[in-house]
Amino acid sequence: AAVPLNPGEGIADLSFAMFYNRLGWAALGFLLVLYLPPRQDGRRQFQLDALCATVLTLFLLYLKISYGLVAVAFLLFLLTDRRQWRLPLLVLAACAAGCLLVELLWRGTTAYLADLRLAGAVSGDLPDLQRLTSILMLNLADVAVYLIFGAVLLLARRSFRDVLFVGFCGATGILIIEQNFQIVGILTLAASAAVMASALSDRPSLRDRRIGAGLPLLLAILMLPVASQNAAALVLHSAVGVMRGGEQMWLPGFEGIRLVSLTNEGLYRNFSRYNQSLADGAAALAALDTPPERVVVFDFVGPFTAGLGLQPARGDYPWYHWGRTIDDDVHPAAEDVLADAEVIMEPKAPIEHWTAIGMRRIYGAYLEEDFRLARESTDWRIYVRERSGSGSSANTSVTKQSTSAQP
């Protein structure tokens, strides 16, 4: 259901980042199965369904809020079913308790909500009609087949709730993918089509079974491209992984990750260059007068904390994305992000150019006031916090260094 491949991408593309999209589509697809009545009534079945739905919903809520909101909306929709309204009610109550537990144990819920408010202020605008139309056209083939399933279901059952289900799955799929970086492949359409096919195949009426007789074959046709692509990607990536092909990531914490050139040579060259810059940065950090700690990187991601096993700076983010999570007008205050930092690294070859120059612009005044340039390597400028009366933790002179490719 979820493989090392982002929806809409080729099987030979690099597999990295934005894993939440492939996991979110899969988990949401499983949750949609609850639209079907249980084949076996009973307390045990009810408890298992409630447990599965609670785990899936909490997972989606903390994975990415767009998937989580759709999951909650779907549970609210299920409350209209007089046969199983108790199930979604219990799941919603359990999810609320789960969010409170996360807050009590890790203070994770309020921090998460703060991150969402920040990102929402930057890029939380509703899409316009032109944007939605372009997304629809890119996914028109899948949507057209999905509408055939919806039409057959409505013809057979003539249920207003079915109308709502068909519309809900289609509309939320388009809204979710509009928020994604990958804009091709609405995987919940296949999941909801499977629900429709199952709903008709279980009907006792001979007329309904005849109307829906061709749906299993149509479902197989709808799912075949995605299933084939996922299977091919899984085989390819597994084979490359077993053979230990490609280039190893230089940071010790990422030794299990390989950078492999399959067909996209240009993309491979860019990230191979970035990999070399990580080696250069690690060597430059090791050459500082004191062991580095609490390192903040002015770039899309900060790889050195996890890659070198360093203590993270309090208030730092695992990633910054210019125009999506921060911009000139909306961003965390420097006192919140940098107050605990001991080292700031500015890349000369950033992984995301606009994020790097944007962070340098908005946090430049704080950097110049509290930090001094201590070392400059081939790929990095490294600033350390200046401490009055201590010459060991910060050097006011600049050391020009050319580092090797390995740390």
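**Reading cysteines, a buried loop and a helix pair**

Modeller: Let's start with Cys52, which is partly exposed at a relative accessible area of 45% (buried is under 20%, exposed over 50%, partly exposed in between, with a 1.4 Å probe and protein chains only). This is a predicted model, where local features need pLDDT of at least 70, side-chain atom pairs count only at pLDDT 80 or more, and totals for chains, interfaces and linings use all residues. Residues are numbered from 1 along each chain as its sequence is written, and side-chain values use heavy atoms, leaving out hydrogens and water.

Colleague: How many disulfides are there?

Modeller: A disulfide is a pair of cysteine sulfur atoms within 2.5 Å, and the count here is zero. For Cys52, the nearest cysteine sulfur belongs to Cys95, 12 Å away. Cys99 is in no disulfide either, with the sulfur of Cys95 6.7 Å away.

Colleague: Thanks! Is Asn180 buried or exposed?

Modeller: Asn180 is buried, with a relative accessible area of 3%. Asn180 sits in the loop between helix 8 (160–178) and helix 9 (helices are DSSP runs of H or I, at least four residues, numbered from the N terminus). Leaving aside residues up to four places away in sequence, Asn180 touches Asn21, Trp25, Lys64 and Tyr67 (contact means heavy atoms within 4.5 Å).

Colleague: And how do I read a helix pair?

Modeller: Two packed helices are described by the angle and the distance between their axes. Here the axes of helix 9 (residues 188–201) and helix 11 (residues 215–242) come within 10 Å and cross at roughly 170° (axes are lines fitted to C-alpha atoms over the stretch in contact, with angles from 0 to 180 degrees between N-to-C directions). Therefore helix 9 is roughly antiparallel to helix 11 (an angle over 145 degrees). Contacting residues include Leu189 and Ala193 of helix 9 and Leu219 and Met223 of helix 11.

Terms used: Helix = DSSP H or I, 4+ residues; strand = E, 2+ residues; numbered from the N terminus. Parallel < 35°, antiparallel > 145°, perpendicular 65-115°, else oblique.
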